[in-house]
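This briefing is intended to be read beside the sequence and the model. The points below are grouped by topic.

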Amino acid sequence: MDASLPAIPLCELRDIRKEYVLRRGLLERFNRTERRVAAVDGISMAIPRGEIFGLVGESGSGKSTLGQIMVRLIEPTSGQLLYQGADVAALSAAERHELRHRVQMVFQDTSSSLNPRKRIRRTLSEALRARDADKRRNTKAIRDELASLMNQVGLDAVLLDRFPHELSGGQRQRVGIARALAMAPELLVADEPVSSLDVSMQGQIVNLLQDLNRELGLTILLISHDLAIVARICGQIAVMKDGKIVETGPPSRVLAAPVHPYTRTLLDSIPRGLHGRQRRPAGTEDANRALVPARSFRERLIPELKAGE
Amino acid sequence: MTGPLLQVDGLSVAAGSGANRRGVVQNVDLRIERGEVVSLVGESGSGKSLTALAIMQLLPSGVRASSGRIVFDGVDLLELPRRAMNERRGRDIAMIFQDPLTALNPTIPIGRQIYDCIRTHADLGHRGTLTRVEELLALVGIAHPHERSRAYAHELSGGMRQRVMTALAIACGPKLLIADEPTTALDVTVQAQIMTMLDRIRYELGLAVLFISHNLDLVAEICDRTFVMYAGSVVESGPVETLFAAPRHPYTRQLLRCIPRLDWATGPMPTIPGLPPRFGDLPAGCAFAPRCDAADARCSSEKPPVWREPGRMAACWRAA
């Protein structure tokens with residue numbers, strides 16, 4: 001049905017707001033007033049089917065809140081969330097439940113997002129059983145599907161019988177992705193999926209997301225503060241600051257010629273290796289290093305230092 | 001005083017005892033001159049944090065330095081009695097950690113924690129110490145230090161907490177600051193601010209810094225020399241400029257290639273295939289051979305020789 005309507009985005013947000021009430025002081029309780037803070041402040045955006053959409057911004061900018069609204073882990077205060085053109089609020093309970101399967105999430109912290117007391121096999125098979133609770137697939141079918149899931153995320157099936165703490169961070173993140181894939185989702189919300197991983201492992205996970213997008217046509221919302229990764233794999237990006245989208249478009253345009261000063265700041269913050277060395281304040285060149293006066297602080301302190309040296 | 005500030009010779013660290021004993025750091029040599037910024041780079045599990053903890057004598061129970069020397073300012077720290085080490089720790093060597101929320105005490109205002117640290121090591125009197133606390137907070141770039149000193153750790157942002165931890169570490173004017181992944185938990189924008197702050201502090205106080213990270217690009221911005229660790233050993237070391245421009249060890253080369261950069265490249269990102277070996281489970285030859293893109297039969301059967309040039313070394317058959 002959706003193939004005939006390629007123009008309808010997979011997921012669309014219309015003027016989404018999420019407000020939190022700050023803890024009320026005595027006076028405010030007495031006056032029945034309250035202070036509110038908007039974590040997401042009127043955001044409208046559309047994620048086309050098959051796209052890897054990048055959501056960029058610093059912590060506190062509301063990007064994770066927005067991701068959780070899309071997975072419907074939290075309800076927006078106001079605004080519409082449309083899925084394939086249909087307003088989620090207008091869906092029946094059964095339809096909403098079904099929608100839960102089609103939107104899945106991958107979390108940043110791989111050690112807290114997997115149950116430490118369950119082997120990988122159990123974590124994944126619970127997800128598979130949840131997908132079709134009524135069909136009651138037999139154990140053999142589950143076992144086959146587990147093997148293919150593991151294969152899909154590039155893990156050896158031997159690891160099924162391990163506990164999360166026995167795996168590396170990169171392997172755990174693959175399990176997190178496998179668990180999401182077990183639900184056969186259409187949209188994957190990946191909230192900082194690589195920021196807790198080593199540089200050498202980040203590429204593997206990023207490549208996996210890219211493969212899944214290409215091979216399964218999986219639509220991905222990639223929430224990240226790493227512009228270099230986002231620029232590499234996203235078709236479109238949105239830059240968030242203080243609950244608002246300040247700039248949006250294809251990365252080649254947004255990042256090559258940023259209009260908003262905040263985007264510029266983000267770009268300037270990427271470590272640039274040897275090219276970044278000129279950022280040192282003047283006078284700290286290696287040649288001057290030996291002459292750096294070590295006095296000021298320590299020397300003022302030394303007479304006061306307790307016995308010992 | 002002459003001689004390097006810190007000289008680590010043949011340091012090995014082992015975990016467990018008896019038959020379960022495993023080497024987790026092998027034969028690490030490290031030298032830091034006064035006022036120098038040196039970095040220790042590697043993947044998680046490469047032994048870089050354990051090396052730092054061994055220097056601080058803060059290894060977790062069951063893990064201990066099994067051989068080698070750690071000479072700091074002319075004294076072997078491994079030979080020091082516990083009390084003498086306690087006096088030096090915090091005063092002469094200080095450390096900041098990756099996660100300030102767990103490193104700071106959640107039940108004590110931050111100013112009080114810095115106050116206690118100074119009172120332990122120096123006699124400034126009550127008033128003098130209070131003034132020093134505020135000076136320190138201002139030094140690490142915290143506005144309104146007087147008011148902020150009464151805040152608790154959870155009331156501050158991640159970047160602020162890292163600034164507080166830095167203030168705590170430099171409170172007694174250490175000669176060496178060990179920073180273990182101080183920005184890994186932070187955003188790029190905050191990371192840049194903290195790096196600038198650390199660089200300024202180090203310059204103003206004439207500190208030597210041992211900077212631990214897995215991001216070589218970050219390291220290159222502020223460090224003089226780099227030690228690259230893999231599976232518990234230093235595989236390459238040298239001045240940042242030459243090590244980056246012409247890495248001799250394939251691991252360094254592959255690690256450099258993996259860093260996500262804004263270079264408009266498309267297609268799959270470069271990766272290092274496979275996983276680092278588990279502790280105590282090292283292959284017969286070069287530990288990196290199974291993941292190396294240049295390895296041959298000799299690499300996996302024989303330990304690689306150490307190639308040396310003044311100021312540089314690399315443990316690889318192909319380094320020469």
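Which residue takes a positive phi in the hairpin of E1(B) and E2(B)? In that hairpin, which has 6 residues between the strands, Gly16(B) takes a positive phi near 75°. The structure is a predicted model, in which local features need pLDDT of at least 70 and side-chain atom pairs count only at pLDDT 80 or more, while totals for chains, interfaces and linings use all residues. Residues are numbered from 1 along each chain as its sequence is written, and chains are lettered from A and ligands numbered from 1 in the order in which they are written. Helices (H or I, at least four residues) and strands (E, at least two) are DSSP runs, numbered from the N terminus.

**Confidence**

- The model scores ipTM 0.83 and pTM 0.86.
- Chain B has a mean pLDDT (the predictor's confidence in each residue, from 0 to 100) of 91, and 99% of its residues reach 70 or more.
- For chain A the mean pLDDT is 84, with 85% of its residues at 70 or more.
- Within chain A, confidence is highest in strand E7 (residues 187-191), at 96, and lowest in helix H11 (residues 286-289), at a mean of 40.
- Over residues 278-296 of chain A, pLDDT stays under 50, and the model has 17 contacts beyond four places in sequence for this stretch; two residues are in contact if their C-beta atoms, placed from the backbone, lie within 7 Å.
- Where pLDDT is low, the predicted coordinates should not be read in detail.

**Interface of the two chains**

- Contacts link 48 residues of chain B with 48 residues of chain A.
- On the side of chain B that touches chain A, helices H8 (188-205), H9 (216-222), H10 (240-245) and H11 (250-258) of chain B each supply at least two residues.
- H8(B) gives the most to this side, with 10 residues.
- By class, this side of chain B has 23 nonpolar, 12 polar and 13 charged residues; Ala, Val, Leu, Ile, Met, Phe, Trp, Tyr, Cys and Pro count as nonpolar, Asp, Glu, Lys and Arg as charged, and the others, Gly among them, as polar.

**Strands and sheets of chain B**

- Strand E1 (residues 6-15) and strand E4 (residues 63-72) of chain B pair (two strands pair if DSSP finds at least two bridges between them) in the antiparallel sense over 8 bridges, and Val71(B) in E4(B) is the bridge partner of Gln7(B).
- E1(B) also pairs in the antiparallel sense with strand E2 (residues 22-32) of chain B, over 7 bridges; Leu11(B) has Val28(B) in E2(B) as its bridge partner.
- An open sheet of 8 strands in chain B has the order E6-E7-E8-E3-E9-E10-E12-E11, with mixed pairing.
- Strand E6 (93-96) and strand E11 (306-309) of chain B are its edge strands, each pairing on one side only.
- Strand E3 (residues 37-41) and strand E9 (residues 225-230) of chain B pair in the parallel sense over 4 bridges, with Arg225(B) in E9(B) as the bridge partner of Val38(B).

**Sheet of chain A**

- Chain A has an open sheet of 4 strands in the order E2-E1-E4-E5, with antiparallel pairing.
- Strand E2 (36-47) and strand E5 (86-87) of chain A stand at the edges with a single partner strand each, so one side of each is left without a neighbour in the sheet.
- Strand E1 (residues 11-21) and strand E4 (residues 78-83) of chain A pair in the antiparallel sense over 5 bridges; in E4(A), Ser78(A) is the bridge partner of Arg17(A).

**Helix packing in chain A**

- Helix H6 (residues 169-181) and helix H7 (residues 199-216) of chain A pack at an angle of about 15°, with their axes 10 Å apart; axes are lines fitted to C-alpha atoms, for helices over the stretch in contact, and angles run from 0 to 180 degrees between N-to-C directions.
- The residues making this contact include Gln173(A) and Ile177(A) of H6(A), and Ile205(A) and Leu208(A) of H7(A).
- The contact of H6(A) with H7(A) has 4 nonpolar, 4 polar and 1 charged residues.
- Helix H4 (residues 120-131) and helix H5 (residues 139-152) of chain A have axes that come within 10 Å and cross at roughly 110°.
- Among the residues making the contact are Leu124(A) and Leu128(A) of H4(A), and Ile142(A) and Leu146(A) of H5(A).
- The contact of H4(A) with H5(A) divides into 5 nonpolar, 1 polar and 2 charged residues.
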